[in-house]
Amino acid sequence: MAVTVNESVKIKTPVFSHITSEDLEHIYEPSEDTFLLIDALEKDLDFIKKIHPMLCLEVGSGSGVVITALGSVLGGACQYLSTDINFRACQITEETGKINGVTIKAVCTDLVENLMEDVKGKVDVLLFNPPYVVTPSEEVGRGDLEYTWAGGERGREVIDRFLPTVHSLLSSKGLFYLLVLKENDPVDIENIMRQQGFICRYVMTRKTGPEHLSVLRFSQS
Ligand SMILES: C[S@@+](CC[C@H](N)C(=O)[O-])C[C@H]1O[C@@H](n2cnc3c(N)ncnc32)[C@H](O)[C@@H]1O
């Protein structure tokens with residue numbers, strides 16, 4: 001009797017041994033949240049492949065391991081772009097891609113400001129692991145390492161600036177993956193996105209130490 005084996009594709013963690021301890025004094029070190037986002041993309045890979053993505057964009061790419069991980073399984077038919085407010089993170093993202101065989105163009109900008117005109121309506125897979133930690137508002141965007149995690153009130157200050165741009169970035173089949181913390185009030189985020197016509201799915205949820213993290217996927221159908 002023939003046996004069908006479900007061989008789901010595994011996403012390999014990209015090599016990031018080129019990132020030095022000195023780099024990590026300036027950029028976000030790949031952490032539990034980073035790996036949760038990669039695991040969620042792995043879980044959703046068949047769904048992602050079905051839309052035949054031609055353009056993937058990661059906002060706030062940090063070390064670049066997330067977009068590199070996705071690029072290593074989607075291959076060269078797709079174009080990979082990233083942004084970060086931190087110039088060093090952009091340089092390291094491109095290096096991470098290169099070392100792992102993925103060509104990434106990294107743009108140093110606030111969210112997608114300098115990129116919007118070029119990618120409007122074209123992004124098939126949009127990724128964002130934002131600064132989500134609840135902090136005083138004054139800590140948001142101060143100094144390079146603080147940009148990486150400080151999210152201000154409810155950890156939502158950067159997320160809330162980004163949400164209104166999602167609809168105009170995505171292609172009609174586009175998917176948006178957003179990592180959130182319980183304190184960010186994911187139900188409220190879901191409601192905001194529903195008003196823009198998005199359906200929300202919880203792809204993965206994990207408790208790591210004190211953090212209760214989820215990866216949400218937004219699509220238009
Ligand atoms: C939590 S880290 C995630 C880094 C990486 N994507 C990962 O998963 O490991 C958030 C990233 O967003 C970047 N960032 C913060 N504010 C930003 C902004 N306004 N525009 C672009 N990038 C920003 C930070 O520099 C940092 O690299």
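1. The side chains of Arg-217 and Asp-44 form a salt bridge, with N and O 2.9 Å apart; the term stands for a side-chain nitrogen of Lys or Arg within 4 Å of a carboxyl oxygen of Asp or Glu. Arg-217 belongs to strand β7 (residues 211-219) and Asp-44 to the loop between α1 (32-43) and α2 (45-50), so the pair ties together parts 173 residues apart in sequence. By this rule the count is 10 salt bridges.

2. This is a predicted model, in which local features need pLDDT of at least 70 and side-chain atom pairs count only at pLDDT 80 or more, while totals for chains, interfaces and linings use all residues. Residues are numbered from 1 along each chain as its sequence is written, and side-chain values use heavy atoms, with hydrogens and water left out.

3. Around the ligand there are 18 residues, of which Thr-34, Gly-60, Asp-84, Asp-110 and Leu-111 come nearest (near means a heavy atom within 4 Å).

4. A polar side-chain atom of Thr-34 lies 2.7 Å from an oxygen atom of the ligand, and a polar backbone atom of Leu-111 is 2.7 Å from a ligand nitrogen atom. The protein covers 98% of the 590 Å² of accessible area that the ligand has on its own (Shrake-Rupley method, 1.4 Å probe).

How values were computed. Polar contact = N/O pair within 3.5 Å; in protein donor to acceptor, adjacent residues only side chain to side chain. Helix = DSSP H or I, 4+ residues; strand = E, 2+ residues; numbered from the N terminus.
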